[in-house]
There are 2 protein chains.
Amino acid sequence: MATAEFELIGRYFASLGGGDRIALGIGDDAAVFDVPEGEQCVVSTDTQVEYVHFFPETLPEDIAYRAVAAAASDLAAMGASPLGMTLALTLPEADELWLHGFSQGLAAAVRDLALPLMGGDTTQGPLTITITVHGSVPRDAAVTRGGARPGDRLCVTGTLGDAAAALALQRGELSGDRLPEAEDVEWLLSRFNRPIARFEWLSFLRAHGSAAIDISDGLLADAEHIAAASGVALTIDSTAIPLSDALRRAAPSEARLFEWALGGGDDYELLCTVPAGCQIPDGLAVIGEVVVGQGVQIDRPTSGAGGYAHFN
Amino acid sequence: MATAEFELIGRYFASLGGGDRIALGIGDDAAVFDVPEGEQCVVSTDTQVEYVHFFPETLPEDIAYRAVAAAASDLAAMGASPLGMTLALTLPEADELWLHGFSQGLAAAVRDLALPLMGGDTTQGPLTITITVHGSVPRDAAVTRGGARPGDRLCVTGTLGDAAAALALQRGELSGDRLPEAEDVEWLLSRFNRPIARFEWLSFLRAHGSAAIDISDGLLADAEHIAAASGVALTIDSTAIPLSDALRRAAPSEARLFEWALGGGDDYELLCTVPAGCQIPDGLAVIGEVVVGQGVQIDRPTSGAGGYAHFN
């Protein structure tokens, strides 16, 4: 791309900065921002590649929004408050219609997630979006994967499997008689395209979370990450997993329903452990327990998810 | 790529973390690091795409080293001390030989630039490397592009044009009688493949720099950035530009010599302005002045570089 094209791209993003914490935003060699006194900086990087993480027909608004939400979700899972982000955008060409949509989605994410765009790099090449998010936590208060203790309860936010069903829909795996109602399709797709980084649980997590992770690999795989990092076993009661009505209606079988709920990795809900005595607020579902041992145990077959011990 | 391949890749990078400032490194949802008390966090993102920023035949050691140095150079240009980095690596396949070389180059950069690897994301796709570097500066002490004042002197570190000559060599533009001696070729290629982020000028820049930028677009283009951000004009004395002996010997003509020195964008030397009374240390060349006006003026034709006023 020519210099003029890079300048054009820059103009689409120029208005997405700002905020009290950004001392120097887009336009210099680097950005400068303030980490609140007594707090530590938290950083996570997340890449989305066309054909791998999203379909070529995905709206640029949704590509942008989802890229930011997926990265921001890692901050939420650490109990970190959002500060700002950088965007590394690799584009095959400077298509104004695409850039307009992409910047609209980015603007929505900046607003919803309180993550001003501090800087970035635009390059020419196959469509790839890397978002690096920055947040902060009070010193030594980050909620890691490693703090789960036997006796803790295992909890999850939101509902699971919706984004996996949306993926199946987009792949054309559900069709004919099995196609859900338009309203359900729309809702499930919105769960895939517009995931919610669960910053609403920040103060609860900081106060009570012994361990946390955002579910990006699927419930079983991410539970395994907590179990391994904490040196404990997790038991999951499949009947306690929160499932949306739309998901139940969309599932052609119970096996498929649980395949989505246990293996789906695009919901970006939070999985956390809290001490047994902790009051569980509305919106958080207790789905299991932390016990002595290793690995993840669940009360139903997990259809080839592999590596998981079953009980009952 | 399968999960096992991502785990394999992770193993190559696991030992590149560490350091006093990193409270939580690779392996959790996000990294946690400390910004020194009273300082601000500085962040810059830089992407390198195969076929665009490097050749397919470039050694993976050099791809890694150059990607980090190019990003780190932006910290040096802000007067920021290095803290740590994240790596977003998109790879077509998990090739062990390539990964070994890449991790060796990354390790060398981590060591040379004091930038431990704090975290990252590995994805499958066309080869793309995004490095996000983090550093710190005392509050309000970042050296921006916007502080040059009439009367200041314009200075540059190192020698210019070497990496541009190396690019010409790699493209096969110099051949036959005109091919430089093997020793010069090697040295010029090392200037392209192993650029030096100029952290050695950190204390000088912080003490005296009124404005600074790293030369990644070429001397004239980056001088233009300082001029525009500072609202001043810069005059450049072409005879004062530091040129290496290898570059002089490699240049087929004086026109080509200055094309490389004025337009070459891969040296990552620092261009800065300092007040007139400032003592200029060895290793820093005064190449011009800051005057009232706008744009960049130079005492020789700039062969189609476009947009630059000439004087004399």
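**Exercise 1. How many residue pairs are in polar contact between chain A and chain B?**

This is a predicted model, where local features need pLDDT of at least 70, side-chain atom pairs count only at pLDDT 80 or more, and totals for chains, interfaces and linings use all residues. Residues are numbered from 1 along each chain as its sequence is written, chains are lettered from A and ligands numbered from 1 in the order written, and side-chain values use heavy atoms, without hydrogens and water.

Step 1. Take the rule. A polar contact is a pair of N or O atoms within 3.5 Å; within protein, one must be able to donate a hydrogen and the other to accept it, and residues adjacent in sequence count only if both atoms are side-chain atoms.

Step 2. Apply it. Chains A and B have 22 such residue pairs, both residues at pLDDT 80 or more.

**Exercise 2. Find the element that gives the most residues to the side of chain A that touches chain B.**

Step 1. Define the elements. Helices (H or I, at least four residues) and strands (E, at least two) are DSSP runs, numbered from the N terminus.

Step 2. Look at the elements that give two or more residues. They include β1 (22-24), β3 (39-49) and β5 (117-124) of chain A.

Step 3. Pick the top one. β3(A) gives the most, with nine residues.

**Exercise 3. Describe how chain A is laid on chain B.**

Step 1. Superpose by least squares on the C-alpha atoms of residues with pLDDT of at least 70 in both copies.

Step 2. Locate the axis. In chain A, the C-alpha of Pro126(A) is nearest, 3.4 Å from the axis.

**Exercise 4. Which residues meet in a salt bridge at 2.9 Å, N to O?**

Step 1. An automatic or database domain assignment sets the bounds: domain 1 is 3-138 and domain 2 is 153-310.

Step 2. Count. Two salt bridges lie between domain 1 and domain 2 of chain A.

Step 3. Name the pair. The side chains of Arg66(A) and Asp266(A) meet at 2.9 Å.

Key. A salt bridge is a side-chain nitrogen of Lys or Arg within 4 Å of a carboxyl oxygen of Asp or Glu.
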